[in-house]
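Me: I have a model open and I would like to learn how to read it. Could we take one feature at a time?

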Amino acid sequence: MKKILLLILMCLFTLGFSQKKKRAAKSKAIVEKETAIIYTESDAENTKEARIIAGFLKQNPGHAKTDYFKRKLIAIITADNSPEAKPVIKPLSKNEIAKITSNNELNNSKTLASNTAGASSNTARTVNYAAVGNTSKKAGPSEKDKKTASMLTHLFNNDPMDKEAYINIKNRSKCNLIVKISGLKKYYNLEVPANGQNYLLVEKGEYILTTMVCDAKYSSLKKINKDIEIELNLRD
């Protein structure tokens, strides 16, 4: 009799745990919202992103505040290319040069010898050194600048045969996302911060979008032939 009661209790516990697990899984369902990208005057007014202002200008030609938004767009773009963002060249002192040239390895690599035509002896050519402030930054446009330039070119391109489309993904969850966008010919990875958004340009075509929104798996087949926005969140 005790064994029968024990079995019944175990069955009830297992059933209750299973139902609880199902409810938990159900609560983690992903909510997806796909929309065409439409920029409003309020979006353009409140943003600091060049792509949003450019998108508004393209969608609203002849708007009363066109000149204002053009100036704002130019200000944002030029701010990204301000002199403060570039390396600063500073000449080295004589003592600093002496320290560098006293190092044999550096001396060997930075003292250049050249044969003078018609001369019997070698002449040494010295190199002037300079220190670069923030040497981690290289000359030329950054990846962010290139991405912005590509986006602006796309937004202002009125060619109906444009082969690229723009995907903007809004992440309404508290977890960071890495969205894999896999196509027949190309695939992309897009990092989207928690409660943030990110975008990229892709070749038009069919793609499978996959990611993990916290602990919930997301997978969707998309035919991308125009600019779209996808919002992802977890159902409460």
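Reply: Start with helix α3. Its buried residues are Ala50, Arg51, Ile52, Ile53, Ala54, Gly55, Phe56 and Leu57. Buried means under 20% relative accessible area, exposed means over 50%, and partly exposed lies in between (1.4 Å probe, protein chains only). Eight of the ten residues of α3 are buried, so this helix is mostly covered.

Me: Where do the values come from?

Reply: This is a predicted model: local features need pLDDT of at least 70, side-chain atom pairs count only at pLDDT 80 or more, and totals for chains, interfaces and linings use all residues. Residues are numbered from 1 along each chain as its sequence is written, and side-chain values use heavy atoms, leaving out hydrogens and water.

Me: How many helices and strands does the chain have?

Reply: Seven helices and twelve strands. Both are DSSP runs, numbered from the N terminus: helices are H or I with at least four residues, strands are E with at least two. Of the chain's 236 residues, 25% count as buried.

Me: At what angle do α3 and α7 pack?

Reply: Axes are lines fitted to C-alpha atoms, for helices over the stretch in contact, and angles run from 0 to 180 degrees between N-to-C directions. Here α3 and helix α7 (residues 143-155) pack at about 10 degrees, with axes 9 Å apart. That makes α3 roughly parallel to α7. The cut-offs: under 35 degrees is roughly parallel, over 145 roughly antiparallel, 65 to 115 roughly perpendicular, and the rest oblique.

Me: Which residues make the contact?

Reply: Contact means heavy atoms within 4.5 Å. From α3 come Ala50, Arg51, Ala54, Gly55 and Lys58; from α7 come Thr148, Met151, Leu152, His154 and Leu155. By class, the contact of α3 with α7 has five nonpolar, three polar and two charged residues. Ala, Val, Leu, Ile, Met, Phe, Trp, Tyr, Cys and Pro count as nonpolar; Asp, Glu, Lys and Arg as charged; the others, Gly among them, as polar.

Me: How many salt bridges are there?

Reply: A salt bridge is a side-chain nitrogen of Lys or Arg within 4 Å of a carboxyl oxygen of Asp or Glu. The whole structure has eight. In one of them, Lys222 meets Glu34 at 2.5 Å, N to O. Lys222 lies in strand β11 (residues 216-224) and Glu34 in strand β1 (residues 30-36), so the pair ties together parts 188 residues apart in sequence. Lys222 is buried at 6% relative accessibility, whereas Glu34 is partly exposed at 41%. A network of salt bridges links Glu32, Glu34 and Lys222.

Me: Which partner does Arg51 have?

Reply: Glu49, with the closest N and O atoms 2.8 Å apart. Arg51 is buried, at 5% relative accessible area. Glu49 is partly exposed, at 30% relative accessibility.

Me: Which residues touch the most other members of the largest nonpolar core?

Reply: A nonpolar core is a set of buried Ala, Val, Leu, Ile, Met, Phe, Trp, Tyr and Cys residues joined through side-chain atoms within 4.5 Å. The largest has 21 residues, and Ile167, Ile169, Ile181, Leu209 and Leu232 touch the most other members. β6 (164-171), β7 (177-183), β8 (187-192), β9 (196-203), β10 (205-213), β11 and β12 (228-234) each supply at least two of its residues. Apart from this core lies another, of 18 residues, among them Ala44, Ala50, Ile52 and Phe56.
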